[in-house]
Amino acid sequence: MRVKAENEIKLILPSHSENESLARAVVAAFVSQLDPRVDELVDIRTAVSEAVTNCIVHAYANKVGEIILAARIYANGRAVIRIQDRGCGIPDVDKAREPLFTTGGEERSGLGFSVMESLCDKVTVRSKEGKGTVVTLEKYIHKGEPS
């Protein structure tokens, strides 16, 4: 049986670097309905920042494209955030998820997926070359529990 979300949002942004902070702020404000602890909110903001930055830097390297951000919250405290692009896609998702692997040149650390995985309860990556990538972040908010 599929559980219905209590609330959801969808936002489409151009892949301008200044929209990374907007995406982070929007998701943080939306997830605040679950009454997260400060550390949980920081984790979500950082994971969203990494995923959106990947779209800007890698998916649409030298052009502007759409970033589709969708978020859902559930009664059990689960937040699901999906960041999607229609960019170049990832040829080898497993390789891209390895720490320190990057296609972004010397100025990139190659830790984006590792950071997302360390901050979220679950990270799913689906990608097709030439079609784009979908990163889904799941995080459980522990209502009222001390940090």
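The legends below describe close-up views of a predicted model.

**View 1**
Five strands make up an open sheet in which the order is β1-β2-β3-β5-β4 and the pairing is antiparallel. The edges of this sheet are formed by β1 (residues 7-14) and β4, each of which pairs on one side only. From one strand to the next, the twist averages 10°. Helix α4 packs on the sheet, where it touches β4 and β5, and the direction of α4 makes about 25° with that of β5.

**View 1. Strand β5 and its two pairings.**
On one side, β5 is joined to β3 by eight bridges, with the two strands running antiparallel. Within this pairing, Ile83 has Val135 of β5 as its bridge partner, and Arg78 is partnered in β5 by Tyr140. Seven bridges join β5 to β4, again in an antiparallel arrangement, and here the bridge partner of Thr124 is Thr136 of β5. Eight of the nine residues of β5 are buried, so the strand is largely enclosed by the rest of the structure.

**View 2. The hairpin of β4 and β5.**
Three residues lie between the strands of the hairpin that β4 and β5 form, and in this hairpin Gly130 takes a positive phi near 80°.

The largest nonpolar core holds 32 residues, of which Val48, Ile81, Ile83 and Leu137 touch the most other members. Two or more residues are given to this core by each of α1 (19-31), α2, β2 (66-73), β3 (78-85), α4 (112-119), β4 (122-128) and β5 (132-140). The element that gives the most is α2, with eight residues. Leaving aside residues up to four places away in sequence, Val48 touches Ala23, Arg24, Val27, Leu69, Ile81 and Leu137; two of these, Ile81 and Leu137, are named with Val48 among the residues that touch the most other core members.

**View 3. The packing of helices α2 and α4.**
Helices α2 and α4 pack at an angle of about 155°, and their axes are 9 Å apart. Angles over 145 degrees count as roughly antiparallel, and α2 and α4 are therefore roughly antiparallel to each other. In passing α4, α2 makes a left-handed crossing. The contact is made on the α2 side by Asp43, Thr46, Ala47, Glu50, Ala51 and Asn54, and on the α4 side by Gly112, Phe113, Val115, Met116 and Leu119.

**View 4. Asp43, an acidic residue in helix α2.**
Asp43 lies in helix α2, which spans residues 38-59. Because buried means under 20% relative accessible area, Asp43 counts as buried at 17% relative accessibility. When residues up to four places away in sequence are not counted, Asp43 touches Leu119 and Lys139. Both Asp43 and Leu119 are listed in the contact between α2 and α4.

**View 5. Asp35 in the loop between α1 and α2.**
Asp35 is found in the loop between α1 and α2. Although Asp35 is not a glycine, it has a positive phi of about 55°.

Terms used:
Residues are numbered from 1 along each chain as its sequence is written. This is a predicted model: local features need pLDDT of at least 70, side-chain atom pairs count only at pLDDT 80 or more; totals for chains, interfaces and linings use all residues. Side-chain values use heavy atoms; hydrogens and water are left out. Helices (H or I, at least four residues) and strands (E, at least two) are DSSP runs, numbered from the N terminus. Buried means under 20% relative accessible area, exposed over 50%, partly exposed in between (1.4 Å probe, protein chains only). Contact means heavy atoms within 4.5 Å. A nonpolar core is a set of buried Ala, Val, Leu, Ile, Met, Phe, Trp, Tyr and Cys residues joined through side-chain atoms within 4.5 Å. Two strands pair if DSSP finds at least two bridges between them. Axes are lines fitted to C-alpha atoms, for helices over the stretch in contact, and angles run from 0 to 180 degrees between N-to-C directions. Angles under 35 degrees count as roughly parallel, over 145 as roughly antiparallel, 65 to 115 as roughly perpendicular and the rest as oblique. A crossing is left-handed if the near helix is turned anticlockwise from the far one by less than a right angle, and right-handed if clockwise.
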